[in-house]
Amino acid sequence: MKPTEARNAPVATLTPAEIAEAARAAGRFGIDTEFVSESRYRALLGLVQVVVEVEGGQHIELLDPIEGFDHEPLAAVWADPDVEVVIHSGGQDVAILRRA
């Protein structure tokens with residue numbers, strides 16, 4: 001989907017399992033993380049942002065790893081060779097997500 005053609009889906013919350021299901025149906029999803037590494041021995045994962053194509057447009061979900069969420073469905077779809085994973089600045093993201 002080209003950015004000029006992108007539409008946001010109606011506002012709704014999806015569970016990680018629903019995000020994984022939508023990612024498999026679309027064949028791809030995007031992920032980005034925010035973390036704090038200053039003055040820390042190990043970086044602290046503070047936010048996981050996920051985008052997936054759904055009926056009606058694109059859905060963006062913000063997941064709070066400090067509060068906690070079921071990451072297993074996303075880990076499974078991440079490992080699925082049939083699903084393209086788009087990562088923003090992924091070098092540090094991959095290291096942090098592997099440890100999370």
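1. The sheet is open, with 4 strands in the order 3-2-1-4 and mixed pairing; strands, like helices, are DSSP runs numbered from the N terminus (strands E, at least two residues; helices H or I, at least four), and two strands pair if DSSP finds at least two bridges between them. Strand 3 (57–63) and strand 4 lie at the edges, each pairing on one side only.

2. This is a predicted model, in which local features need pLDDT of at least 70 and side-chain atom pairs pLDDT 80 or more, whereas totals for chains, interfaces and linings use all residues. Residues are numbered from 1 along each chain as its sequence is written, and side-chain values use heavy atoms, leaving out hydrogens and water.

3. Strand 1 (residues 28–36) runs parallel to strand 4, and 4 bridges join them. Phe29 has Val85 of strand 4 as its bridge partner.

4. The salt bridges (a side-chain nitrogen of Lys or Arg within 4 Å of a carboxyl oxygen of Asp or Glu) number 2. In one, the closest N and O atoms of Asp80 and Arg24 are 3.1 Å apart. This pair links distant parts of the chain, 56 residues apart: Arg24 is in helix 1, and Asp80 in the loop between helix 2 and strand 4.

5. Asp80 counts as buried because its relative accessibility is 17%, the cut-offs being under 20% for buried, over 50% for exposed and partly exposed in between (1.4 Å probe, protein chains only). Arg24, at 40%, counts as partly exposed.

6. Arg28 forms a salt bridge with Glu53, with the closest N and O atoms 2.4 Å apart. Arg28 lies in strand 1 and Glu53 in strand 2, so the pair ties together parts 25 residues apart in sequence.
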